[in-house]
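Thanks, everyone; I would like to walk you through a few local features of one model, taking them one at a time. Please have the sequence and the structure open as I go.

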Amino acid sequence: MLSNRALIAALLAVLTAGQAVAQPSSLLSPPVPARMAQGGGNDLPQTVPELLPETSIINRAGSTTEAEAGATAEGPLAEPFRPAGPSRTVFGAALFARSAPTPSETSNPNYRLGPGDRVSVRVWGPVDAEVMGAIDPEGNLFLPNIGPLRLAGTRAGDLQRTVEAEVRRIYTQQVQVYAVLLSASQIGVYVTGFVKLPGRHRGSASDTVLDYLLRAGGVDPVRGSYRDIVVNRGSRAVTRIDLYPFLLQGKLPGLTLQDGDTIVVGSQGPTVSVDGAIRNNYLFEVKDRAMAGSELMELAGPLPAATNAVIRGTRNGQPWSRYLDIPALRRQSLLDQDVVTFITDAPAPTVRVFVEGSRIGPSVLVADRDMNLCQLLDHIAVEPHLADTGSVYLLRKRIAAQQRRSINEALDRLERQLFTATSATTGVAEIRASEAQLVSNYIQRGRRLQPEGRLVVVDNAGRCTNVRLEDGDTIVIPERSDTVLVAGEVTTPQAILWRPNMTIPDYVKAAGGYTQRGDDGGVMIRRASGQIILDPREGPRPGDELIILPQLGAKSFQIARDLLQLIYQSALSVRVFD
């Protein structure tokens, strides 16, 4: 069992560690801004006001990280907030998200003119002529001073050139021509199958299949097919349309619809979902019974970082899954309702390390993943008279996450003990109720503390430890200091100039002496590296913090042992020594 002095020292140590980023003695400019965590209100009883800070605390937020060489599924850079997991959006559904066009809004250059189409033709120069009218049943348009022009069967995109050729057959001198299709004749086309609004829809003969599908509400994304659309004329199929070539390459059959044609949208074929490290996160329809992995890769657009794929599906009525690399995926056959997740499953050959504090040179270094701290320090230039190289320490996100988890678990246990304790008498119950309120306030504020994940990597002699670096580590090189910060149970906490011959009592005396709750036998020193020294045998060094611990009687807390033990086991800085 730990002594009371050690437990109290541990309690103050975690509070000091929680405030390490906010200490004014640090002049660092971190490349990644620290995250602000609010410390809460001043709602603690005044019995132990020094146990928790009263102001906002700036902490380095820790977060859980993937295991080393673990698989990840990062999305494209342009879509950082993409929801994880399989997509529920069918590829091509956005094609019918707009409203249906009116005939006057469409212009199909492949449309071939026929009787009833309205055309405007104007000729000027040696001869002036103008007509605005419909093509007659014989397929001609009569132009004054020139005669009939044969326009039936002419592509709408070739109308200008055709009229010029007809006029210059008669007038060989300089003559100017302007011809435009005003409107195509109105026709009715049936749209049926798996569309939202099946039926007969009127439009222009120059409208495309897409225009009539829009008037029918578009392909039903749940039941309809984007790859099996048939245009029937009478009793025969004129053409079959696959919309994927249009979506990907802009290719659409140049078909002119006629009055009475029928567009039939087939039922949705097998679909394959793809997600993870890809650019196109959609449900893709399989044209046949199966889709080759190489075809899926062309549709999905895997990111350069994708190295493997996880396939989940059903085979013969049983769950089925495979874990393949990219070359093997190209040869894999995919069936209906398969889900393919592209991931990155290769360890990065390098790690990125940040450098803060008293340094010369870059604040970010990229090193081999097997490099240790001592090797990397040889590549960091410092000013010898400004940098405290004997107090270097690491800030590690993984350790911060472990500390945060450990603190939460310990606080959960403490909370259960707090509210399940029984009392033999009414007097004991009242005492425990008062203590429970005090500890409950502490628990609420303790959950808001964010550990910084400090890793002490030097011993008392300032020797470096060969600890392997991890990606995202921050190396902190403190500035040299000529002062000692005296805090805790002293009358006037302050920074005092360090002198070689000063002892601990001398520093306490310079800070105004002990308070009534001060313990002349309870002293803790916190090095600039974060190392905690309980019951020190020598005075502080320059840059150290000298903390005078409070006296806590046995009756102050009924559950003080549990409270202090959770702090001791979850929040002290991690030490690594050879």
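Let me begin with helix α5, residues 293-300, where, in this predicted model, the residues Gly293, Leu296, Met297, Leu299 and Ala300 are buried. If you look down the axis of α5, these buried residues fall within an arc of 165 degrees, and they therefore line one face of the helix. Following α5 comes glycine 301, and its phi is positive, near 65 degrees.

Turning now to the sheet, we have three strands in the order β4-β3-β7, which form an open sheet with antiparallel pairing. The edges are taken by β4, residues 129-134, and β7, residues 176-183, and because each has a single partner strand, one side of each is left without a neighbour in the sheet. From one strand to the next, the twist averages 10 degrees. Between β3, which covers residues 118-124, and β7, the antiparallel pairing extends over seven bridges, and tryptophan 124 has glutamine 176 in β7 as its bridge partner. Lying across β3 and β7 is helix α2, residues 159-168, which runs at about 135 degrees to β7.

My last stop is arginine 396, which sits in the loop between β22, residues 393-395, and α8, residues 397-420. Is arginine 396 buried or exposed? With a relative accessible area of 5%, arginine 396 is buried, because the cut-off for that term is under 20%. Leaving aside neighbours within four places in sequence, arginine 396 is in contact with Glu452, Gly453, Leu455, Val467, Arg468, Leu469, Glu470 and Asp473.

Key:
Residues numbered from 1 in each chain as written. Predicted model: local features only at pLDDT ≥ 70, side-chain atom pairs only at ≥ 80, totals over all residues. Heavy atoms only, no water. Pairing = 2+ DSSP bridges. Helix = DSSP H or I, 4+ residues; strand = E, 2+ residues; numbered from the N terminus. Axes fitted to C-alpha atoms, helices over the stretch in contact; angles between N-to-C directions. Contact = heavy atoms within 4.5 Å. Buried < 20%, exposed > 50% of the residue type's maximum accessible area, 1.4 Å probe, protein only. Arc of directions from axis to C-beta.
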